[in-house]
Amino acid sequence: MWIVVMSLPLIVVLIVFPAAMAYAAASDLMTMTIPNWLCALLVVAFGVCAATIGFGLNAAIWHLAAGLLVLVVCFAMFAAGWIGGGDAKLAAATALWLGFEQLLPYLFVAALSGGLLTGVIMLLRAVPLPAMASNWAWAQRLHDVKQGVPYGVALAAAALVALPDTAIWRAATRSE
């Protein structure tokens, strides 16, 4: 019998980050909210991962700068009413993980998948909600034309696409 022992950074990169993204997507889809504690978990998990792989102060500062830049831009978009607050915090926490290296690919994939998601939801909102789903609060909320779009789904999907091409991924998987 084989026993696999994984290092803390590898656990964080391969389990914690993807699980957090899946939870963010599911939470946004079901409740139209992304919990603050989840974004805080992503920030703390990045710090733990970066510290335990010897990421280096310079690299950590650049990743922090990417996260802060996205936070400032997304806060302005939230203030304008274009995105939700949870989406802004999730995008910033994700940018911290990705750094500038994968920031543009992440935003590009998020825009494409978010546009596709929005189109599908708009099409579905144009037809009556199926009777079997009429008592589901999340389906009613998702079908309501006055509601926004759970963009956290697109942000989480884009994060999972971009993560394997990041410096933190390479450093964590190389340490094994």
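The model is predicted. Its largest pocket holds about 260 Å³ of space, and the second largest pocket holds about 210 Å³. The count of disulfides is zero, and the count of aromatic pairs is seven.

**Largest pocket**

- The space in the largest pocket comes to about 260 Å³. Its lining is made up of 15 residues, and Cys74, Met77, Ala91, Leu107 and Leu155 are the closest to the pocket centre.
- Helix H3, residues 57-79, and helix H4, residues 85-125, each contribute at least two residues to this lining.
- H4 gives the largest share of the lining, with seven residues.
- By class, the lining of the largest pocket has 14 nonpolar residues, one charged residue and no polar residue.

**Second largest pocket**

- The second largest pocket contains about 210 Å³ of space.
- Its lining counts 14 residues; those nearest the centre are Leu124, Leu129, Ala139, Leu142 and His143.
- H4 supplies at least two residues of this lining, and so does helix H5, which spans 137-143. H4 also supplies at least two residues of the lining of the largest pocket.
- The lining of the second largest pocket divides into 12 nonpolar residues, one polar residue and one charged residue.

**Cysteines**

- A disulfide is a covalent bond between the sulfur atoms of two cysteines. The structure has zero disulfides by the distance rule, which asks for two cysteine sulfur atoms within 2.5 Å.
- Cysteine 74, at 9% relative accessibility, counts as buried. Cys74 is also among the residues closest to the centre of the largest pocket.

**Aromatic pairs**

- Seven aromatic pairs are present in the structure.
- One of them joins phenylalanine 46 and tryptophan 97: the ring centres are 5.7 Å apart and the planes stand at 70°, so the pair is edge-to-face.
- This pair links distant parts of the chain, 51 residues apart, with phenylalanine 46 in helix H2 (residues 36-52) and tryptophan 97 in helix H4.
- Both phenylalanine 46 and tryptophan 97 are buried.
- Tryptophan 62 and phenylalanine 100 form another edge-to-face pair, at 6.0 Å centre to centre and 70° between the planes.
- Because tryptophan 62 lies in helix H3 and phenylalanine 100 in helix H4, this pair ties together parts that are 38 residues apart in sequence.
- Is phenylalanine 100 buried, partly exposed or exposed? Its relative accessibility is 38%, so phenylalanine 100 counts as partly exposed.
- Phe17, Phe46, Phe55 and Trp97 are linked by ring pairs into a cluster.

**Residues in loops**

- Threonine 166 sits in the loop between helix H6 (152-162) and helix H7 (167-174).
- Threonine 166 has a relative accessible area of 0% and so is buried.
- The threonine 166 side chain reaches the backbone nitrogen of tryptophan 169 at 3.2 Å.
- Methionine 32 is placed in the loop between H1 and H2. Its phi is near 60°, a positive value in a residue other than glycine.

**Two residue pairs along the chain**

- Valine 13 lies in helix H1, residues 8-31. With a relative accessible area of 0%, valine 13 is buried.
- From valine 13 to alanine 91, the sequence separation is 78 residues and the C-alpha to C-alpha distance is 17 Å. Ala91 is one of the residues closest to the centre of the largest pocket.
- Alanine 137 belongs to helix H5, and at 46% relative accessibility alanine 137 counts as partly exposed.
- Alanine 137 and alanine 59 are 78 residues apart in sequence, with 44 Å between their C-alpha atoms.

Key
Residues are numbered from 1 along each chain as its sequence is written. This is a predicted model: local features need pLDDT of at least 70, side-chain atom pairs count only at pLDDT 80 or more; totals for chains, interfaces and linings use all residues. Side-chain values use heavy atoms; hydrogens and water are left out. On a 1 Å grid over the protein atoms alone, a cavity is a set of points where a 1.4 Å probe fits but cannot get out, and a pocket is an open set with protein on both sides within 12 Å along at least five of seven lines; lining residues have an atom within 4 Å of a point. Grid points are joined across faces, edges and corners, and a volume is the space filled by probe spheres set on the points. Helices (H or I, at least four residues) and strands (E, at least two) are DSSP runs, numbered from the N terminus. Ala, Val, Leu, Ile, Met, Phe, Trp, Tyr, Cys and Pro count as nonpolar, Asp, Glu, Lys and Arg as charged, and the others, Gly among them, as polar. Buried means under 20% relative accessible area, exposed over 50%, partly exposed in between (1.4 Å probe, protein chains only). Rings of Phe, Tyr and Trp (its six-membered ring) pair if their centres lie within 6.5 Å; planes under 30 degrees apart count as stacked, over 60 as edge-to-face and the rest as tilted. A polar contact is a pair of N or O atoms within 3.5 Å; within protein, one must be able to donate a hydrogen and the other to accept it, and residues adjacent in sequence count only if both atoms are side-chain atoms.
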